[in-house]
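Me: I'm new to this one. Can you walk me through it?

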Amino acid sequence: MIKNYFTVALRNITRHKAYAAINIAGLAVGIAACLLLFIVVTYELSYDKFQPNYSRIYHVAAKIKSAEGDSYEEGIPYPAYDALRVQFPDVVTGALFQNYNCQVTALNTNDVNSFSNKKFIEKNTVFFSDANFFSVFRYEWLAGNAQVLKDPNMAVVTRKMAEKYFGSWQSAMGGLLKIDNTATVKIEGILDNAPQNTDFPIGVIASYETMKKYPDTYGYSDRWGSVTSSFQAFILLPQNVSVAAINKRLLSFSNEHYNANNKDIFKTYQFLRPLSDVHFNTRIGNLGDHVTSRTTLWTLSLIGIFIIIMACINFINLSTAQAVGRSKEVGIKKVLGGTKIQLFRQLMGETFVIVLTAVLLAAILAAVCLPYIKNIASIQEKVSLLNIPVALFILIVIIVVTFLAGAYPSFILSGFKPALALKNKITSANIGGISLRRSLVVTQFAISQILITGTIIAINQMNFVRGADLGFNKEAVLVLNSNVDSSVNERQPAFKQQLLAIGGVQSVSFSSDVPSSQSNSSGNFSYDHKPDEKFEVYRKMADEDYFKTYGLTIIAGRVYSKSDTLKEVVVNETLVKKLGVKTPQDIIGHELRVGGAWRTIVGVVKDFKTNSLRENIKPLVIGERNTRYYYTGIKLNTPQLNVVTRKIEATWNKFFPEYVYAPTFMDERINDFYEQESQLSLLYKIFAAIAIFISCLGLYGLVSFMAAQRTKEVGIRKVLGASVANIIYLFSKEFTALVIIAFVVAVPVAYYMMSNWLNNFAFRINITVWVFVLAIVLSVVIAWITVGYKSIKAAVANPVKSLRTE
């Protein structure tokens, strides 16, 4: 029986090749898109779940209450780590210090001082820690153990890094690494490679005691007021200890160590947040390369569900459009003894064959697109379709889509009365009416217009971000970075003079940070010999050419005089306003206490974007301090960019042969801020196109249904004098109305969704009415083009044929 169902199903599919091809194409594209989204979402949700104690690991974060509102801090002061271990002996506490953008040199043991030693810039894979970390997090050891990190100048590396530095992990054992041209460490342990879906991208871990030996390089301090987001603590809770109990004790811990001496300026309260929150909380950062909000994952999941629903709607419309042509077939089968349930099974069998074929094509499409998935998601490792979750997902899709797409058409077709079917009396009323199919088309176009609107808004916001006035000139500024020590300081003046001698180099500046970055350095301060202000001030250290190199505008006073230490400072407009000073000129000559000493304010710089456009401009102090000049900014003005950059590289290698020449341009660094938003914008474009494609197929199905139902009506109208244009208008006006109804449904949903997305930006576009006008115009034009083909075909048909009766 089942074999017979499939035989008949294949026969009917081959008989109606065009409809079958359209159905399969729509379902295949929809299922492939949904499958790719499933891979992205499940990958993001799997972060760090390979840890055996995943549910019991917590990050020690802090909530900071101030007059400016609540904020969050992921880092802890250095002395807090020891205090946590002493005051919380019933839990296991470990910590990591991330050495961001550092240089690692693989030393030749025969000549450790050779400049030919291999040098690498590691963005976020170098850490300092101790053995306690491996009591919280579990990794597989190929050689050595965690106890080697108890001593200074020791390190462990992953297999991947060992092979990168020394060719094989066996050769790496006992090898020497030099970190930031400062700390030389010996490799005494090898970790097996961990999965890449982790917020702990560990490549090298040097001992915590090593970091403490170089406080000037790594900022180690025993002050509780010195907090860096690079130093984070993690706790493994025993089975019998509750989070609430630890949080209660952390409240007392915070009051004892943080809040006793801050004079109510702000309060810091530490708390535990689960490891399951680390990858998804956009208010608190992590040590990985990105944070993905759960809202984003829900949005992606909804898009996938919508695409599948649209594909099913498309199938229903095409199946019911085809139903009129199959009415005699159903009537004959019923006369010959076929029951309703047998016909239902046969029709569901046809649907299953089509869905199965579509799934196979979808798997091929997904496999072809899989290597490019990194363009729309933060997946850098190879992913495969050959795994159990994907297999289960495909099985569920086959069952659900077969039921959603096939149940309604099968029920309607199997319910035809044989007398009506054989007399060719089946009409839209017998097929459940056209109202449902109109509703389905409205649903399809509402989803399409939501995605079209989202795409337009996302593109406009990203164009705004890329073209926004940042308050400084980001174009043609080459940025180099290195560590800072006394030797580097001594060479910087001569290096600067030789750079300025290169034709095409306009200016050069040394600084602790570029104008706009993801890093922040802040602290308490006092203005005009008054008590500490109730907000923090952010600091950048830079020489006197910083303002010229980056095109910053002084609106009052002057740039500070050349000096090696912080004596005079320039502040930004935001700080002037937050201090309640009426005009920028009024603050000139007053003093700030920052960094433990009083500094004279000599200038006010026009506000510039200190971070990404997601954040408000921060109150800022800029002053000189050459021991913090990690960055070299070089303003270029030349059409021969390649020639000039080669000369800069030669000059760098001459003065700093121990450092890697790793240039970046300022505009590229800023574009990196918005990698996830750019991916989301691209994703909207892709899925809006897919939604439009499926909607067009759905429209084609409905207009085919209507053309079949109204064949005689069209013939009569033509006999009575209707023109081709009249007939086209007859079909087009109805679909235009459906698109407009869909627009009314889509507008509030799209506005709500995209307003929430734009709220992630402190600087954003406004959603204007023209966005929605463009969306409806695009939708109407697409509908007209889709309907036009079938309408013209019906309009030019010979009325004699359409009026002929059997």
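Me: What does K186 form a salt bridge with, and how far apart are the closest N and O atoms?
Reply: K186 pairs with E188. Their closest N and O atoms are 3.3 Å apart. Keep in mind that this is a predicted model.

Me: Are K186 and E188 buried, partly exposed or exposed?
Reply: K186 is partly exposed, at 34% relative accessibility. E188 is partly exposed too, with a relative accessible area of 23%.

Me: Why would side chains pair up like that?
Reply: Side chains of opposite charge can pair when their charged atoms come close.

Me: How many salt bridges are there?
Reply: The count comes to 16 salt bridges.

Me: Which residue does E615 form a salt bridge with?
Reply: E615 bridges to K618, and the closest N and O atoms are 2.6 Å apart. E615 is partly exposed, with a relative accessible area of 29%. K618 is buried, because its relative accessible area is 11% and buried means under 20%.

Me: And D545, what is its partner?
Reply: D545 forms a salt bridge with K548. Here the closest N and O atoms are 3.8 Å apart.

Me: Which one of that pair is buried, and which is exposed?
Reply: D545 is buried, at 16% relative accessible area. K548 is exposed, at 55%.

Me: Which residues are linked with them in a network?
Reply: K496 and D543 join D545 and K548 in a network of salt bridges.

Me: Let's zoom out. How many helices and strands does the protein chain have?
Reply: The secondary structure comes to 27 helices and 27 strands.

Me: What share of the residues is buried?
Reply: Buried residues make up 53% of the 806 in the protein chain.

Me: Where is I13, and what does it touch?
Reply: I13 sits in helix α1, which covers residues 2-15. Leaving out residues up to four places away in sequence, I13 touches A20, E350, V353 and I354. I13 is buried, with a relative accessible area of 15%.

Me: Now the surface. Which residues form a nonpolar patch there?
Reply: I388, L392, L395, I396, I399, V400, F403 and L404. Together they have about 800 Å² of accessible area.

Me: Take I399. Which helix is it in, and is it buried or exposed?
Reply: I399 lies in helix α14, residues 388-414. I399 counts as exposed because its relative accessibility is 54% and the cut-off is over 50%.

Me: Which residues gather in a patch of negative charge?
Reply: D289, E668, D672 and E675 do, on the surface.

Me: Where does E675 sit?
Reply: E675 is in helix α23, which spans residues 675-709. E675 is partly exposed, with a relative accessible area of 45%.

Note on methods. Residues are numbered from 1 along each chain as its sequence is written. This is a predicted model: local features need pLDDT of at least 70, side-chain atom pairs count only at pLDDT 80 or more; totals for chains, interfaces and linings use all residues. Side-chain values use heavy atoms; hydrogens and water are left out. Patches are made of residues with over 30% relative accessible area and no salt bridge: like charges are joined within 9 Å, nonpolar side chains (Val, Leu, Ile, Met, Phe, Trp, Tyr) within 5 Å. Accessible areas come from the Shrake-Rupley method with a 1.4 Å probe; for residues, only the protein chains shown count as cover. A salt bridge is a side-chain nitrogen of Lys or Arg within 4 Å of a carboxyl oxygen of Asp or Glu. Lys and Arg count as positive and Asp and Glu as negative; His and the chain ends are not counted. The place of a charge is taken as NZ of Lys, CZ of Arg, CG of Asp or CD of Glu. Helices (H or I, at least four residues) and strands (E, at least two) are DSSP runs, numbered from the N terminus. Buried means under 20% relative accessible area, exposed over 50%, partly exposed in between (1.4 Å probe, protein chains only). Contact means heavy atoms within 4.5 Å.
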